[in-house]
Amino acid sequence: LSLGATLFLSLPAQGEKTHYVEWQAEGLAIPTPLGGLRGDPARGKAVIIDRERGNCLACHHMPIPEEPMHGTVGPPLAGIGARLSAGELRLRVVDEKLVNPNTIMPGFYRHPDQINRPHPDFTAPVLTAQEVEDVVAYLVTLK
């Protein structure tokens with residue numbers, strides 16, 4: 001990444017398989033939760049601040065004052081839950097390139113066939129479907 005941002009994303013351990021849930025975008029949203037899962041805002045916040053999972057603070061400033069480092073590469077996310085629906089947030093977390101092809105934001109839940117990594121054992125999405133739903137559940141609370 002440019003502008004001095006460093007993005008570290010944790011991948012599943014070698015040989016670890018994760019179940020991929022198919023999803024369908026409608027316009028600029030994924031209107032239904034992945035796999036019908038229900039997100040938990042507290043778990044979502046934990047994923048967001050986890051520097052080895054979501055690591056959202058590497059690029060975004062968020063209303064989480066207890067965390068010391070916030071990025072400035074991506075847009076600030078304060079109030080995002082008032083501006084975007086859960087479905088719109090879900091698509092942005094899953095694969096922002098479908099909204100903005102020029103973004104540097106990674107797709108956190110892209111289809112494994114679309115993940116370009118050098119070894120086949122590392123082609124799982126960065127986040128699980130449950131983690132995506134947890135992140136969305138947290139982001140919608142940011143009104």
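Helices (H or I, at least four residues) and strands (E, at least two) are DSSP runs, numbered from the N terminus. In this predicted model, the protein has four helices and zero strands, and its elements run α-α-α-α from the N terminus on. Local features need pLDDT of at least 70 and side-chain atom pairs count only at pLDDT 80 or more, while totals for chains, interfaces and linings use all residues. Residues are numbered from 1 along each chain as its sequence is written, and side-chain values use heavy atoms, with hydrogens and water left out.

**Confidence**
- The mean pLDDT (the predictor's confidence in each residue, from 0 to 100) is 87, and 83% of the residues reach 70 or more.
- Residues 1-17 have a pLDDT below 50, yet this stretch has 35 contacts in the model beyond near neighbours in sequence; contact means heavy atoms within 4.5 Å.
- Where pLDDT is low, the predicted coordinates should not be read in detail.

**Burial and contact range**
- Of the 143 residues in the protein, 40% are buried, where buried means under 20% relative accessible area, exposed over 50%, and partly exposed in between (1.4 Å probe, protein chains only).
- Among contacts between residues at least 6 apart in sequence, 60% join residues at least 24 apart.

**Nonpolar core**
- A nonpolar core is a set of buried Ala, Val, Leu, Ile, Met, Phe, Trp, Tyr and Cys residues joined through side-chain atoms within 4.5 Å.
- The largest such core holds 28 residues, of which Leu34, Ile48, Met62, Tyr109, Leu127, Val132 and Leu139 touch the most other members.
- Helix H1 (41-49), helix H3 (86-95) and helix H4 (129-139) are the elements that give two or more residues to this core, and H4 supplies the largest share, six residues.
- Leaving out residues up to four places away in sequence, Tyr109 touches His19, Tyr20, Val21, Trp23, Leu34, Val93, Val94, Pro125, Leu127, Thr128, Ala129 and Val132.

**Ala129**
- Ala129 is found in helix H4 and is buried, with a relative accessible area of 5%.
- Apart from neighbours within four places in sequence, Ala129 is in contact with Val21, Leu34, Leu37 and Tyr109.
- Ala129 and Leu34 are 95 residues apart along the chain, and their C-alpha atoms are separated by 5.9 Å.

**Cysteines**
- With a disulfide taken as a pair of cysteine sulfur atoms within 2.5 Å, the count comes to zero.
- Cys56 is in no disulfide, and the nearest cysteine sulfur, that of Cys59, is 8.7 Å away.
- Cys56 counts as buried because its relative accessibility is 17%; Cys59 likewise counts as buried, at 12%.

**Asn55**
- Asn55 is not a glycine, but has a positive phi of about 55°.
- Most residues other than glycine have a negative phi.
- Asn55 lies in the loop between H1 and helix H2 (80-83) and counts as buried because its relative accessibility is 4%.

**Largest pocket**
- A pocket is an open set of points on a 1 Å grid over the protein atoms alone where a 1.4 Å probe fits, with protein on both sides within 12 Å along at least five of seven lines; lining residues have an atom within 4 Å of a point.
- About 510 Å³ of space lies in the largest pocket, the volume being the space filled by probe spheres set on the points, which are joined across faces, edges and corners.
- The largest pocket is lined by 28 residues, and His60, Pro75, Leu77, Glu96 and Met105 are the closest to its centre.
- H3 and H4 are the elements that give two or more residues to this lining, with the largest share, three residues, coming from H3.
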